[in-house]
Amino acid sequence: QVQLVESGGGLVQAGGSLRLSCVASGGMFRINVMGWYRQAPGKQRESVATITSRGATNYADALKGRFSISIDNGKNKVYLQMNNLEHEDADVYYCNANVWATARGSQDYWGRGTWVTVSS
């Protein structure tokens with residue numbers, strides 16, 4: 001079973017920056033795609049950014065230019081650099097990974113989430 005653990009969330013002032021990290025672990029697997037999603041209370045989870053193991057990225061249109069996703073395949077880690085944060089960015093951020101393992105084929109996994117709070 002693959003586990004995803006996020007870190008790097010916290011309280012930041014509007015206009016500030018945060019860098020989220022997520023590491024995948026647990027057995028032998030190959031990463032297909034990793035990504036970040038966010039969800040506000042009472043709202044649907046939405047995609048923030050995704051990245052393939054080859055580095056192809058996809059961003060939510062509204063976040064292009066402020067957020068940047070990167071991957072370290074050797075460490076099974078994905079990062080989300082968030083700049084010029086706005087109050088609307090305050091959410092729980094979840095890491096997602098689609099991985100392939102011999103015994104299970106391709107499966108999706110989720111982390112438990114990390115809070116991002118933006119203050120005035």
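Are C22 and C95 buried or exposed? Both C22 and C95 are buried, where buried denotes a relative accessible area under 20%, exposed one over 50%, and partly exposed the range in between (1.4 Å probe, protein chains only). The structure is a predicted model, in which local features need pLDDT of at least 70 and side-chain atom pairs count only at pLDDT 80 or more, whereas totals for chains, interfaces and linings use all residues. Residues are numbered from 1 along each chain as its sequence is written, and side-chain values use heavy atoms, with hydrogens and water left out.

The protein contains eleven strands and zero helices; helices (H or I, at least four residues) and strands (E, at least two) are DSSP runs, numbered from the N terminus. Its radius of gyration is 14 Å, close to the 14 Å that the globule rule gives for 120 residues, so the protein is as compact as a globular protein of that length. This radius is taken over C-alpha atoms, and the globule rule is 2.2 Å times the number of residues to the power 0.38. The C-alpha trace spans about 50 × 25 × 25 Å along the principal axes of the protein. Of the 120 residues, 40% are buried. The accessible surface amounts to about 6500 Å², with 46% of it belonging to carbon and sulfur atoms; accessible areas come from the Shrake-Rupley method with a 1.4 Å probe, and for residues only the protein chains shown count as cover. Among contacts (heavy atoms within 4.5 Å) between residues at least 6 apart in sequence, 54% join residues at least 24 apart.

An open sheet of four strands is arranged in the order β1-β3-β8-β7, with antiparallel pairing; two strands pair if DSSP finds at least two bridges between them. Strands β1 (3-7) and β7 stand at the edges with a single partner strand each, so one side of each lacks a neighbour in the sheet. From one strand to the next, the twist averages 15°, with axes taken as lines fitted to C-alpha atoms (for helices over the stretch in contact) and angles running from 0 to 180 degrees between N-to-C directions. Within this sheet, β3 and β8 (residues 77-82) run antiparallel and are joined by six bridges. L18 has M82 of β8 as its bridge partner.

A search of the whole structure finds one disulfide, defined as a pair of cysteine sulfur atoms within 2.5 Å. This disulfide joins C22 to C95, with an S to S distance of 2.1 Å. The two cysteines lie in distant parts of the chain, 73 residues apart, with C22 in strand β3 (residues 18-25) and C95 in strand β9 (residues 91-101). The disulfide is left-handed because the torsion about the S-S bond of C22 and C95 is about -85°.

R66 lies in the loop between β6 (57-59) and β7 (67-72). With a relative accessible area of 13%, R66 is buried. Residues up to four places away in sequence aside, R66 touches Q81, M82, N83, N84, L85, E86 and D89. T117, by contrast, is located in strand β11 (residues 114-119) and is partly exposed, with a relative accessible area of 38%. Its contacts, leaving aside neighbours within four places in sequence, are with G10, L11, V12 and A90. The C-alpha atoms of T117 and V2 are separated by 28 Å, the two residues being 115 residues apart along the chain.
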